[in-house]
Amino acid sequence: MNRRTRALSILAGAALLLPLAGCTTEHTDRPARTPDDTIRAATQTLTDHCLTRQGLTPPRPGQRSANRAEEQRVAAALFGRPPAELSLTLANGIPVRAHTDGCLAAAQRTLYGDQKRWFQVSTVVNNLKPEAAHRDLSLASVRARHRAELTDWQRLRARALDASTRVLHTTSH
């Protein structure tokens, strides 16, 4: 093997090994998001944009607002103003309420499409274990009782995941 052939062989081998050494052109610093993390991130992005459009600073964990009045304005803009328009009573008699106004409600409409149905099915699905305990039934029997809600939950969540991916893609550029 002459000198030139040997040099080309070394360069070709090095070129093959570069991606294995982490020298790729793709940016892969962060791990892939789970579906739940993707929906949470899109919800955060949408609510942050909504609050910012209203001249408010989005809250962050561990940060306190400059004053109580500002905190109340942010909370009202984020969660909506009383009275709550959506309500559902759990099997144990506890009522759960939500607003249809506010930045969080707007984000849910964007991601899930049908905010009212999402509120209903997510409240039921998130309380299947407590319902089973309250009624002294197996979780499987409670799931069977709420088959329609579980199906709608899966459909709406799939829609939210798709919408979340689009939101994050369009806001990351």
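## Surface and overall make-up

The chain exposes about 12000 Å² of accessible surface, and 54% of that belongs to carbon and sulfur atoms (areas by the Shrake-Rupley method with a 1.4 Å probe). This is a predicted model, in which local features need pLDDT of at least 70 and side-chain atom pairs count only at pLDDT 80 or more, while totals for chains, interfaces and linings use all residues. Residues are numbered from 1 along each chain as its sequence is written, and side-chain values use heavy atoms, with hydrogens and water left out.

Eight helices and two strands make up the list of elements, taken as DSSP runs (H or I of at least four residues for helices, E of at least two for strands) and numbered from the N terminus. Their order along the sequence is α-α-α-β-β-α-α-α-α-α. Of the 173 residues, 29% count as buried, that is, under 20% relative accessible area, with exposed meaning over 50%. Among contacts (heavy atoms within 4.5 Å) with a separation of 6 or more, 54% link residues 24 or more positions apart.

## The largest pocket

If you like open space, start here. The largest pocket holds about 530 Å³. On a 1 Å grid over the protein atoms alone, a pocket is an open set of points with protein on both sides within 12 Å along at least five of seven lines, and lining residues have an atom within 4 Å of a point. The volume is the space filled by probe spheres set on the points.

Of its 22 lining residues, Leu-104, Gln-108, Tyr-112, Trp-118 and Ser-122 lie nearest the centre. Helix 2 (35-53), strand 2 (95-98), helix 4 (103-112), helix 5 (115-125) and helix 8 (147-171) each give at least two residues to the lining. By class, the lining has nine nonpolar, eight polar and five charged residues.

Helix 6 (residues 128-135) has Leu-128, Glu-131 and Ala-132 as its buried residues. Seen down the helix axis, these fall within an arc of 100°, so they line one face of helix 6; the arc is that of the directions from the axis to the C-beta atoms. Their cover includes helix 5, helix 7 (139-145) and helix 8. Exposed Lys-129 and Ala-133 sit on the face turned away from the buried side. Just after helix 6, Asp-136 takes a positive phi of about 55°.

A cavity is a set of grid points where a 1.4 Å probe fits but cannot get out. The volume of the largest cavity is about 40 Å³.

How values were computed:
Buried < 20%, exposed > 50% of the residue type's maximum accessible area, 1.4 Å probe, protein only. Nonpolar A, V, L, I, M, F, W, Y, C, P; charged D, E, K, R; others polar.
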